[in-house]
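Let's go through this structure together, asking at each step what a term rests on. Here it is.

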Amino acid sequence: MKPSRDTKYSKELLSAIGDLGHATNAELLVQLRSVFPEVSATTVHRATARLADRGKVLEAPVSKHGCLRYDSTTTPHDHFICSVCDGIRNINIAADILPMVSSALGGCKITGKLVIYGTCERCLNRKVTV
Ligand SMILES: [Zn+2]
Ligand SMILES: [Zn+2]
């Protein structure tokens, strides 16, 4: 069976998400169009939704503008989001933090993901030099 166009797009999308770590459909459209100029936004939306359905990518916390962001890391992890540049990165602090939060809450079980907001070091440095 020869690979369908969808398979071709999904493959390229997966590698683009892998390169970027976290990516919105808009960012992925730009990437994909550099390889397949004919691809439409709808195609990208459908293909990324399908990748998420199949567990090939995860949904990361949304961007500042509420755009869905996909995550290439499919093992459980938490996130730091810079509120200045909207950059997102993975952090693994749950094992250290959750027992503290849980005991502060009198033993509640924490099941949600942690999202820590702040200003990344790049934005901090930029502010100093401006
Ligand atoms: Zn930043
Ligand atoms: Zn992530």
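Q: Why is aspartate 86 called buried?
A: Aspartate 86 has a relative accessible area of 16%. Buried means under 20% relative accessible area, exposed over 50%, and partly exposed in between, with a 1.4 Å probe and protein chains only. Aspartate 86 therefore counts as buried.

Q: Before we go on, what kind of model is this, and which residues count?
A: This is a predicted model, in which local features need pLDDT of at least 70 and side-chain atom pairs count only at pLDDT 80 or more, while totals for chains, interfaces and linings use all residues. Residues are numbered from 1 along each chain as its sequence is written, chains are lettered from A and ligands numbered from 1 in the order in which they are written, and side-chain values use heavy atoms, with hydrogens and water left out.

Q: Where does aspartate 86 lie, and what is its phi?
A: Aspartate 86 lies in the loop between strand 4 and strand 5, and its phi is near 65°, a positive value in a residue other than glycine. For background, most residues other than glycine have a negative phi. The hairpin of strand 4 and strand 5 has five residues between the strands. Strands here are DSSP runs of E, at least two residues long, and helices are runs of H or I, at least four residues long, numbered from the N terminus.

Q: How do you know that strand 4 and strand 5 pair?
A: Two strands pair if DSSP finds at least two bridges between them. Strand 4 and strand 5 (residues 88–91) have four bridges, in the antiparallel sense, with histidine 79 opposite asparagine 90. Four bridges also join strand 4 to strand 6 (residues 115–118), and these two run parallel. There, isoleucine 81 stands opposite tyrosine 117.

Q: What makes strand 4 largely enclosed?
A: Five of the five residues of strand 4 (residues 78–82) are buried, so the rest of the structure largely encloses this strand. Both faces are covered: Asp78, Phe80 and Cys82 are buried on one side, and His79 and Ile81 on the other.

Q: Which residues coordinate the zinc ion (ligand 1)?
A: Cys82, Cys85, Cys120 and Cys123 do, each through SG, at 2.3 Å. Donors are N, O and S atoms within 2.8 Å of the metal (3.2 Å for Na, K and Ca); water is not among the atoms, so sites may look incomplete. Along the sequence, the donor residues of this zinc ion (ligand 1) follow C-x2-C-x34-C-x2-C.

Q: Why is the arrangement around the zinc ion (ligand 1) called tetrahedral?
A: Four donors count as tetrahedral if all angles lie between 85 and 135 degrees. The four donor atoms here subtend angles of 104 to 117°, so the arrangement is tetrahedral. The ideal angle for four tetrahedral donors is 109.5 degrees.

Q: Why do cysteine 120 and cysteine 123 count as buried?
A: Cysteine 120 has 3% relative accessibility, so it is buried. Cysteine 123 is at 2%, and therefore buried too.

Q: What coordinates the zinc ion (ligand 2)?
A: His22 (NE2), Asp71 (OD), His77 (NE2), His79 (NE2) and Asn90 (OD1) coordinate the zinc ion (ligand 2) at 2.0 to 2.1 Å. Their spacing along the chain is H-x48-D-x5-H-x1-H-x10-N.

Definitions and conventions
Tetrahedral: all angles 85-135°; square planar, octahedral: opposite > 155°, others 65-115°.
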